[in-house]
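Visitor: I have a model open and a few things to ask about it. Can we go through it piece by piece?
Guide: Go ahead.

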Amino acid sequence: MEIIENCPLRKLNTFGIDAKARFLVDLNSTEEIKELLSTPQFRSMRKMVLGGGSNVLFTRDFDGAILKNNLKGIELIREDSEHWYLKAAAGENWHALVTHCIEQGYAGIENLSLIPGNAGAAPMQNIGAYGVELQEVFEELEALHTGSLETRIFSNADCRFGYRDSIFKREAKDRYIITSVTLRLNKIPKFNISYGAIEKELEAMGIGELSIQAISRAVCNIRRSKLPDPSEAGNAGSFFKNPVVTNARFETLKNDHPGIVGYRSSENETKLAAGWLIEHAGWKGYRQGDAGVHPKQALVLVNYGQASGREIMELSQRIAESVKEKFGVELEREVNII
Ligand code: EPU
């Protein structure tokens, strides 16, 4: 276990925000986590777990201990006639895990290619992209209770998954440290190319026969074309969630704004494309200092270099206010604000 005092965080968050943590603790095993949490100094201190740092905005220095979860290991733990059960330690990089599955022919997470972050963070916000959400392949996870230091297994139902949501953003927030995630992957792939852009991309790639490899490549191409690479412009993917409104409200909005984009998310509800709302409130490509709105995807806020977390946060507030004023729709942040 390595403990660094007054640790700069710029390289540890994909927004590239220059904040500091009072302590940064590198944790490489469950035993090390238990050892740290048993130390009186750290037991009472404010703590947060950081994985890939890809869904966080630091608006100030963190006056406590940041626990860097570096638990590693991918293990095939069982199989049945239809599935492979793959257990990944929380500190495994998500895309490396997807790549491993594709190489082995384990199907189910190819649509989730190239999502930044670590495996342990995936269930917290039920990562999703291109028509697939983690919950569809999630079997269970192991987490350490920060008080009792006991390990608890959370089943799929226990996690209470929702759109970019789980129990770990609500009742269980800050009470557990996820140590591993087990996925239930398919032996026979069930291809999901219903999300418009994938089919088009597969066509453009000249793919005749579908495969998990081809879908993964298509998803990577789409993501690379739209989403900025954090090494070039700091960002945390979608800054806001896509707001969900009743179908009746969607119809009214459509009358007033005929081009508005929405997808039916349940029998009674429609998910609006927040990117469209932000673009049509005039923000796409906006930049003030080093804080801006990505010119290709208005749902992504970017740090072009030296923006502070507060500047990004203030920009997000202005965007949310103007979307509310123009469309009467509230935007909820997806990124964790510290
Ligand atoms: N759109 C615009 N202008 C924009 C951006 C989007 O008009 O500037 C409209 C377009 O009509 C487009 C539609 O919005 O067809 C949807 O855009 P896109 O396919 O880029 O997806 P999204 O709804 O903006 C969501 C997820 C992404 C995920 C993609 C693909 C959320 C908050 N975001 O974005 O997830 O990659 O779908 O499935 O649900 C993330 O969570 O960080 C993330 C990147």
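Visitor: Which side chain meets glutamate 142 in a salt bridge?
Guide: That of lysine 87, at 3.3 Å from N to O. A salt bridge here is a side-chain nitrogen of Lys or Arg within 4 Å of a carboxyl oxygen of Asp or Glu.

Visitor: What should I know about the source?
Guide: This is a predicted model, where local features need pLDDT of at least 70, side-chain atom pairs count only at pLDDT 80 or more, and totals for chains, interfaces and linings use all residues. Residues are numbered from 1 along each chain as its sequence is written, and side-chain values use heavy atoms, with hydrogens and water left out.

Visitor: On to the ligand. How many residues surround it?
Guide: 23, with a heavy atom within 4 Å as the criterion. Tyr130, Tyr163, Tyr195, Glu279 and Glu334 are the closest.

Visitor: Which polar side-chain atoms lie by its oxygen atoms?
Guide: One from tyrosine 195 is 2.4 Å from a ligand oxygen. Arginine 164 has one at 2.8 Å from a ligand oxygen, and for tyrosine 163 the distance from a side-chain N or O atom is 2.7 Å.

Visitor: Which element gives the most to the shell?
Guide: H7, with three residues.

Visitor: And what classes make up that shell?
Guide: There are 11 nonpolar, five polar and seven charged residues. Ala, Val, Leu, Ile, Met, Phe, Trp, Tyr, Cys and Pro count as nonpolar, Asp, Glu, Lys and Arg as charged, and the others, Gly among them, as polar.

Conventions
Polar contact = N/O pair within 3.5 Å; in protein donor to acceptor, adjacent residues only side chain to side chain. Helix = DSSP H or I, 4+ residues; strand = E, 2+ residues; numbered from the N terminus.
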